[in-house]
Amino acid sequence: MQPDLFADTRSRIDLGPGAVLLGGFALAEAEALIGEIPALAAVSGFRHMETRSGGRLSVAMFNCGETGWVSDRRGYRYQAIDPRTDRPWPAIPPRFLALAAGAAAQAGYPGFVPDACLVNRYDAETKLSLHQDMDERDHSAPIVSVSLGQAATFLWGGLSRSDRPRRHRVLHADVVVWGEPSRMVFHGVDSVERGTHPLTGPCRYNLTFRKAR
Ligand code: SIN
Ligand code: FE2
């Protein structure tokens, strides 16, 4: 794997201190990353999680890793057991771990070993409102977020909810990494673009790697 070769072919955008969009970083691996998803989904399964208020998250998701992010009537948390299967989440594939560690290192965070990988599927018109990733115990580790398939608009705000977010187009194989002092920046996803990607059809996948425990 030599994603560094491709890093220069698309732009690297500094989002702020400790935060960078690595354009095309995952290009060499993207097809293989997408190829892992069906087997993982066969173990765990995409689902629309409930929220505390009884709503339904429009992003379909599941986790792999020692622990996974869940939302239900009790709120948000991490847990080692998939509530849908009552079994552990599938392990994070080595290919995923290598990509996440490589991107983190490129962004200035060597030695990143995530214990949770949220696999998100955005169908057309799906959005993810501005939020902070705050359910992890260890905020010293960065977040690594890999975009696959259809392009979308990534919203990158500030440390306060009222900070007006900048809009960045995230394309297939782009990777965003953010850590201290930007670890708690508000972010979200607006408008997955319409169209058909050769590898994912109308959807966008996102792999979010975190150190949660
Ligand atoms: C997330 O913030 O959890 C996902 C971000 C993305 O899909 O790019
Ligand atoms: Fe997030």
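Gln150 is in contact (heavy atoms within 4.5 Å) with Val192, Glu193, Arg194, Gly195, Thr196, His197, Thr200, Gly201, Pro202, Cys203 and Arg204, when its neighbours within four places in sequence are left aside. The model is predicted, so local features need pLDDT of at least 70 and side-chain atom pairs count only at pLDDT 80 or more, while totals for chains, interfaces and linings use all residues. Residues are numbered from 1 along each chain as its sequence is written, chains are lettered from A and ligands numbered from 1 in the order in which they are written, and side-chain values use heavy atoms, without hydrogens or water.

**Gln150**

- Gln150 sits in the loop between β10 (143-149) and β11; helices (H or I, at least four residues) and strands (E, at least two) are DSSP runs numbered from the N terminus.
- Gln150 has a relative accessible area of 8% and is therefore buried, a class that means under 20%, with exposed over 50% and partly exposed in between (1.4 Å probe, protein chains only).
- A polar atom of the Gln150 side chain lies 3.2 Å from the backbone nitrogen of His197. This is a polar contact, a pair of N or O atoms within 3.5 Å; within protein, one must be able to donate a hydrogen and the other to accept it, and residues adjacent in sequence count only if both atoms are side-chain atoms.

**Iron site (ligand 2)**

- His131 (NE2), Asp133 (OD) and His187 (NE2) are the protein donors of the iron ion, at 2.1 to 2.2 Å from it. Donors are N, O and S atoms within 2.8 Å of the metal (3.2 Å for Na, K and Ca); water is not among the atoms, so sites may look incomplete.
- The spacing of the donor residues in sequence is H-x1-D-x53-H.
- Distant parts of the chain are linked by the pair of His131, in strand β9 (residues 128-131), and His187, in strand β14 (residues 187-192), which are 56 residues apart.
- His187 is buried because its relative accessible area is 5%.

**Ligand 1**

- Around ligand 1, with a heavy atom within 4 Å of it, are Asn120, Tyr122, Leu128, His131, Ser145, Phe154, His187, Val189, Arg204, Asn206, Thr208 and Arg210.
- An N or O atom in the Tyr122 side chain is 2.5 Å from an oxygen atom of ligand 1.
- On its own, ligand 1 has 260 Å² of accessible area, of which the protein covers 97% (Shrake-Rupley method, 1.4 Å probe; for residues, only the protein chains shown count as cover).

**His172 and its loop**

- His172 is placed in the loop between β12 and β13 and counts as buried at 15% relative accessibility.
- The backbone nitrogen of Gly149 is reached by the His172 side chain at 3.0 Å.
- Apart from neighbours within four places in sequence, His172 contacts Arg10, Leu27, Ala30, Ile34, Ser147, Leu148, Gly149, His197 and Leu199.
- Ala173 also lies in the loop between β12 and β13, where its relative accessibility of 0% makes it buried.

**Backbone geometry**

- Most residues other than glycine have a negative phi, and most peptide bonds are trans.
- Ala173 is not a glycine, yet its phi is positive at about 80 degrees.
- Ser191, in strand β14, is likewise not a glycine and has a positive phi of about 45 degrees. Its relative accessible area of 28% makes Ser191 partly exposed.
- The peptide bond between Glu180 and Pro181 is cis, with omega about 5 degrees; Pro181 is in the loop between β13 (175-178) and β14.

- Pro165 belongs to the loop between β11 (152-156) and β12 (166-170) and is partly exposed at 28% relative accessibility.
- Leaving out residues up to four places away in sequence, Pro165 touches Leu130, Leu155, Trp156 and Gly157.
- Ala98 is in helix α3 (residues 94-106) and is partly exposed, at a relative accessible area of 37%.
- From Ala98 to His139, 41 residues apart along the chain, the C-alpha separation is 21 Å.
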